[in-house]
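I opened the notebook today to look up a few overall properties of the two chains. The entries below follow the order in which I checked them.

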Amino acid sequence: MPWYLYLALKQLFPTGRVFPFFTFMSGLGVAVGVALLVVTTSIMGGFGHGIRGMIVDTQGEIQVVSPTLIDHPIALVERLEQVPGIAGATPFARGVVMLQYHNKPDFPEIQGVDLARVGKVIPFERYLVAGSLDDLDDDSILVSAQLARGMGMQLGSEVEIYSPLMLEKMKQDEILLPRGVRIAGIFEIGHQHLDRRMIIAPLRLMQELYGLGPTVHGISVRLKPGVDEFVLARQLNETLPAGLQALTWFESAADFQSVIRFEKYMVFFLLAFIVVVAALSIMSSLLISVVRKTREIGLLGALGGKPRQVAACFCAQGFFLGVTGTAAGLLLAWLVISFRNDIVRVLARFTVGEDVFQQFYGFVNLPSHTTGSDLATIIVGAIVASTLAGLLPAWRAAQLKPVEALRSE
Amino acid sequence: MSDAVLSARGMRKSYLSGDRRIEVLQGVDLEVRAGESISIRGESGSGKSTLLNLLSGLDAPDAGTLQWAGGPARVELRAEFLGMVFQSFYLIPEIDARANVLMAARMRGRPGPAERARAADLLDRVGLAARARHLPAQLSGGERQRVAVARALMNFPKLILADEPTGNLDEHTGDAVIELLLALARETRTALVLVTHNPAHAKKTDRQMLLHDGVLR
Ligand SMILES: Nc1ncnc2c1ncn2[C@@H]1O[C@H](COP(=O)(O)OP(=O)(O)OP(=O)(O)O)[C@@H](O)[C@H]1O
Ligand SMILES: [Mg+2]
C-alpha cells in the first residue's frame, strides 16, 4: 500500500483507538443520507411495483381493446395465442351495475370473464377466500370481500343486479326485470381500490346484462415469463387489424404510475441534499484536519513526500469516509427495510392506533422494492460526493510548503 | 574531495520583511566530510534554521551551489541521502513508535521484512525496544526525540541534519539524546550537522562552527 493510502487509513482509524470519533461522526452523515435514500426509494418503488403486480394479476400484462365492440372475440383470442411470447388470452367485458341485497343497494364495477379461458390469464383461485370457481355458473357471481362485508352478503346469498340496459329498455316502454344471481365466491386481492366494490361474473351473464350479444370489450393477454411486455405490445400494435390497440398495464394506469414516479424523483432530489450536507461536513472536518496537521504535512514533505501524494492522502480520506459511510448506510437501510412493518406497527400503536391506521391508509404492511439502478445511483453518488469533498482539503494540503509548514508553531 | 558528503558554496538567502530586505545568509561555505560531526552555533535569528533548510533542499537559496555526495542536490534523493531531526519532534500521532520509524522507509516504497527488522533494531539501539508499540502521546519528550533519531537513521542516510534537537528537552534528557545521536552517528559512520545553543553539546563534535553576520566560521 502506498504510504499516502496507509496514512489516510491511519488518520481515520488510528492505531489502538477502538472508537474513532471523528471518523464516526463524518461517516454518520453519509450513512444516514444513504439509508434514508435507499429506504424511501425502496418503499416508493414498492408501491409502484405493487401496483404493477395488482394490475398484471387482474388483467394480464397486456390488454387488446377497441374503441367499439370486438365482434369475434374467440377468433382474436386464437390469433393472439399463436403469437410467440403469449401464454394465454381471454376475452372480457366490463361496466358498472347496481347490486341490491335486502333493499340495500351498491354500485360495484363488474367484469365478465370467459370461464373456460380466464384461468390461463388471471389466477383467481389465489384470491378466493370463500367458495369455489367450480360453482360459478351463468346464474352466479364472485364478489369482493369488502363489498360482501359492507352489504352483509355471504356465500350462497341471493342478490339482484340492475343493469344500465334496463334504463335503455324503459325509454322504449319495455320493462326488464332485475337479474337474480347467487354468490358463488368471495375474493380478496389485497388492494383497497380493487377490493372495495368489484364483481366478477361469467362472460355470458355480463353480455346478457349489457345486451352485448356475442361481442366483448377487450382481450386480456398473459405473457410467458421473461417476455418484455413493452416490446411485445409494440409488436402487436404493428400487426393487429386497424381499430384494435394493445395497451400494457403501464398505460392502463399511466396517470398513477407517473404520479408515483414523480414523487419518487422529488423525494430522491430532496433527500440527496442530506448526502450533499454530509459531504460538506466531511470537507470541513478534513479542512480542520489539514490546518491541525500543518507541521506533520511539512514533515511528510521533508521525508520526501510529493505534494500530489500529500493531496492523495486527504482525497483518499474523503473516499474512505464515503465508502464506510455508504456501507454503514446500506446496512442501516437493510435493517429498516427488514423491520419496516414492525416499525410502522409500533409507530401506529403509539400514534393513532393500528385499526385507525389501517382504515385510513389502507395498509399496515409496507411494500418494498429495491431496484439495482436506484441502489447503484445512491452508492456511486455518495462515494463520489465524499471523494469530491476531499478535493479542497487535499488541494490546501498540497499547497503547503514544507519549510513554512515546519516553521508554523 | 571525493569524501565530501555535502558541499555548499556561496549560499545566500534574504527575506523581505515589510519593505526591508534582511540578508540572513551572505555567502556561506560548508564542506561536510563522510562520518564527521559538525556543530553550528549562533545567536537566535542568526539564520541557523534557514541554513539547514537550504542544506536539506527544503528551501531554495538566492545564490550558491549545493552538492550531495559529489553530485547536484536533487529533491528525489533527499529521502535516502538525508535524515532530519527537529526541535519539535514531528512524530505522526496516529501511529505507534515503530510505525513512525518505519514511515521513513514506507515513503520510499513498501517496507519489507528487512526494513521492519531495521526499525525494531533502531528502536532497540535508542533504548525503546519496550516502547515500540506506544503511541507518541504515550511517550515522554526525550523518548519521542529518540524515536525521531531512529527515524532519521532508518534509510541509512549519509548525513543527519539536526536543528536544536534538545531545545524542547530538559538538560539531563537533552544530554542523553545528544550522546545517543553522536554515538549512533559515529558507529554508523554517518555525518552529522548539529545546530545547538549548548556549548557543552557543541564541544563533543569534531568541528565547531559559528554563524555570525550571515557567514559561517
Ligand atoms: N519565511 C521567512 N520570512 C521572513 N523572515 C524569515 C523567514 N524565515 C526566517 N526569517 C528571518 O530570518 C532570520 C533567521 O531565522 P532563522 O529561523 O534561520 O534563525 P535561527 O538562527 O534558527 O534562530 P533560532 O536560534 O531562534 O532558531 C530571522 O530574523 C527570521 O525572522
Ligand atoms: Mg532555528
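**Surface and overall form**

I began with the surface of chain B, which exposes about 9600 Å², with carbon and sulfur atoms supplying 48% of that area. I keep in mind throughout that this is a predicted model. For chain A I looked up the corresponding value and found an accessible surface of about 20600 Å², of which 62% belongs to carbon and sulfur atoms.

I then turned to the secondary structure of chain B and counted 7 helices and 10 strands. The radius of gyration of chain B is 17 Å, close to the 17 Å that the globule rule gives for 217 residues, and I therefore note chain B as being as compact as a globular protein of that length. Taken along the principal axes, the C-alpha atoms of chain B fill a box of roughly 50 × 35 × 35 Å.

How does chain A, with 409 residues, stand against a compact globule in its radius of gyration? I found 32 Å for chain A, whereas a compact globule of 409 residues would have a value near 22 Å. The C-alpha trace of chain A spans about 110 × 55 × 35 Å along its principal axes, and I listed 17 helices and 12 strands in this chain.

**Domains of chain A**

I next looked up how chain A is divided, and I wrote down domain 1 as 3-51 + 257-407 and domain 2 as 72-214. The centres of domain 1 of chain A and domain 2 of chain A, taken over C-alpha atoms, are separated by 53 Å.

**Burial, contacts and charges**

In chain A I found that buried residues make up 47% of the 409 residues, and in chain B that they make up 53% of the 217 residues. Among contacts in chain A between residues at least 6 apart in sequence, 81% join residues at least 24 apart; for chain B, residues 24 or more positions apart account for 72% of the contacts with a separation of 6 or more.

For the charges, I noted that the mean positions of the 33 positive and 35 negative charges of chain A lie 17 Å apart, while those of the 29 positive and 26 negative charges of chain B lie 4 Å apart.

**Helix H1 of chain A**

Which residues of helix H1 (residues 3-12) of chain A are buried? I listed Trp3(A), Tyr6(A), Leu7(A), Ala8(A), Gln11(A) and Leu12(A). Looking for what covers the buried residues of H1(A), I found that the cover includes helix H2 (21-59), helix H12 (294-302) and helix H13 (307-338) of chain A, together with helix H3 (97-106) of chain B.

Definitions and conventions
Residues are numbered from 1 along each chain as its sequence is written. Chains are lettered from A and ligands numbered from 1 in the order in which they are written. This is a predicted model: local features need pLDDT of at least 70, side-chain atom pairs count only at pLDDT 80 or more; totals for chains, interfaces and linings use all residues. Side-chain values use heavy atoms; hydrogens and water are left out. Helices (H or I, at least four residues) and strands (E, at least two) are DSSP runs, numbered from the N terminus. The radius of gyration is taken over C-alpha atoms; the globule rule is 2.2 Å times the number of residues to the power 0.38. Buried means under 20% relative accessible area, exposed over 50%, partly exposed in between (1.4 Å probe, protein chains only). Contact means heavy atoms within 4.5 Å. Accessible areas come from the Shrake-Rupley method with a 1.4 Å probe; for residues, only the protein chains shown count as cover. Lys and Arg count as positive and Asp and Glu as negative; His and the chain ends are not counted. The place of a charge is taken as NZ of Lys, CZ of Arg, CG of Asp or CD of Glu. Domain bounds come from an automatic or database domain assignment.
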